[in-house]
Amino acid sequence: MTAVQEDSGVLAGERRMLIDGELVEAAGGATFDVEHPASEQVVGVAADGTVDDIGRAVGAARRAFDTGDWAHDLEFRFHCLMQLHAALEADKERLRRILVTEVGCPVTVTGSQIESPIAEVKHWAEHARSFEYLVDTGVHDTQLGPARRKLHYEPVGVVGAITPWNVPFYLNIAETIPALMAGNTVVLKPAQLTPWSGSELGRIIAEQTDIPAGVFNVVTSNANEVGAALSADPRVDMITFTGSTATGRAILAAGASTVKKTLLELGGKSAHIVLDDADFGSALPMAAMMACVMSGQSCVLPSRILLPRSRYDEGLGVLKASMENFPMGDPWTPGNMQGPQISRTQREKVLGLIDSGLKSGARLITGGGVPDQLPTGYYVQPTLLADVAPDSRIAQEEIFGPVLTVTPYDTDDEAVAIANNSIYGLSGEVSSADVDRAVSIATRMRTGNVTINGKSHFGIDSPFGGTKQSGLGYRNGTQGFIEYLHIKTIGMPA
Ligand code: ADP
């Protein structure tokens, strides 16, 4: 073991899955290894669930939805979710250690991945309890005379939740808790690299809440076929998914034969338009931090920096200094803000894309490889590439690493055109001393969400969703709750 790991909080998580109220091994008993990306060592195992296992979980969820009281008893759901909130609060240091172990994210930046999602459980419990499920829209004129109409908000049914590895505990909560509180039953399929953030949630639900058998199931697996089987199962009414655009397309196609409702939060290649009047000293260090924290493994990261040609060298200088001084290293050491990439494969992908950028004519300003001082662990240096052509691969593909590409522009119109030159439309940013000018640029960006001068668009109380190939539908806000409901319009005598 390396010195890093001897002092660390590395902890193995629950190896069993939750199916129909029981904590179980995979059919056949197979397991797969879980690695700590900072030490490159296997820490433990998770159940390698099969297509058969996911089928049993879907069957349990279907039964619980069709024959149980879950969909009809809001007060009971509130009681169960508040129990879950208390249990997660009590177990949060264990959950944090498991998160750092399987993701390698620095312990210093886990607040948004542990405290925030735990608070969201309470938020959704309360939001759902005060939501109006039957809304009278009054008397409507129709050709057959007046009719009163009421809208009834009803659960969709069985929801399959497929989650990625970058912020696994947060997304397991974000994808399943509003669905549960809306009265649906759920089958969660966590990502291969991060099974424990899901299986721990299953264990806590089984051991510490009154959530009935079948209402919440977790199937971990090392095989993509298991997620594919969930998204194709005709007994599943809705899929909620966060992950790559390629997998999102496969999920849409798999759900087509049963016209499944599909909520997708996919990839991004967001642009940060830095206007010529911007305060570089605040905008650019923040941009560098966003690229490095989470090792760039964030779908909303504004990874394409667009700088005005009149202040291009000045901007590159500020970005370079910020990236070179970024605190990177052992994720267990407080103060470090950038840890390793999650796996060897991911690191190779990031290094390969940097290489492709250099071959396509980009200029390396800093970084570009593996840090000498961190030979163990999947670290990548904060990397700044300048003169990046808008159509080149590194300007078009999601890198998911601590890499910023910089492209100069001459006019605001050109900056907007470069920002919009993408199949993605998840997020974006504008920096300017003139907020009205920034807002007018923001409204022209074909993207789901925009941050102006570092003021975040993201939060539980505001809708979040991508345009173009970045997604379908919304998370968060009331809109994000209504996604898990069907609106039945009832016409009746006036
Ligand atoms: P990455 O490529 O970074 O691993 P993915 O988008 O492929 O990201 O993975 C996100 C989630 O989607 C994981 O839980 C993974 O198991 C799951 N998944 C992968 N392939 C499929 C598929 N064809 N159908 C459904 N889910 C899938």
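Contact means heavy atoms within 4.5 Å. The model is predicted: local features need pLDDT of at least 70, side-chain atom pairs count only at pLDDT 80 or more, and totals for chains, interfaces and linings use all residues. Residues are numbered from 1 along each chain as its sequence is written, and side-chain values use heavy atoms, with hydrogens and water left out.

**View A. Val 156 and its contacts.** Val 156 sits in the loop between strand 6 (147–155) and strand 7 (158–162). Strands (E, at least two residues) and helices (H or I, at least four) are DSSP runs, numbered from the N terminus. Neighbours within four places in sequence are left aside here. Val 156 then contacts Phe 65, Asn 184, Asp 237, Met 238, Lys 261, Glu 483, Tyr 484, Leu 485 and His 486. Ala 71 is 85 residues away from Val 156 along the chain, yet their C-alpha atoms are separated by 9.5 Å.

**View B. Surroundings of the ligand.** The ligand is surrounded by 16 residues, each with a heavy atom within 4 Å of it. The closest are Thr 163, Lys 189, Gln 192, Ser 244 and Thr 247. For Lys 189 the distance is 2.7 Å. For Gln 192 it is 2.7 Å. For Trp 165 it is 3.2 Å.

**View C. Helix 5 against helix 6.** The axes of helix 5 (residues 115–130) and helix 6 (residues 168–181) come within 9 Å and cross at roughly 15°. Helix 5 is therefore roughly parallel to helix 6 (angles under 35 degrees). Axes are lines fitted to C-alpha atoms over the stretch in contact, and angles run from 0 to 180 degrees between N-to-C directions. The crossing is right-handed (near helix turned clockwise from the far one by less than a right angle). By class, the contact has 13 nonpolar, no polar and one charged residues. Nonpolar covers Ala, Val, Leu, Ile, Met, Phe, Trp, Tyr, Cys and Pro; charged covers Asp, Glu, Lys and Arg; the others, Gly among them, are polar.

**View D. Helix 4 against helix 7.** Helix 4 (residues 92–103) and helix 7 (residues 196–208) pack at about 155°, with axes 9 Å apart. The two are therefore roughly antiparallel (angles over 145 degrees). Their crossing is right-handed. Arg 94, Leu 95, Ile 98, Leu 99, Thr 101 and Glu 102 of helix 4 meet Trp 196, Ser 197, Glu 200, Arg 203 and Ile 204 of helix 7. This contact has five nonpolar, two polar and four charged residues.

Terms used: Angles under 35 degrees count as roughly parallel, over 145 as roughly antiparallel, 65 to 115 as roughly perpendicular and the rest as oblique. A polar contact is a pair of N or O atoms within 3.5 Å; within protein, one must be able to donate a hydrogen and the other to accept it, and residues adjacent in sequence count only if both atoms are side-chain atoms.
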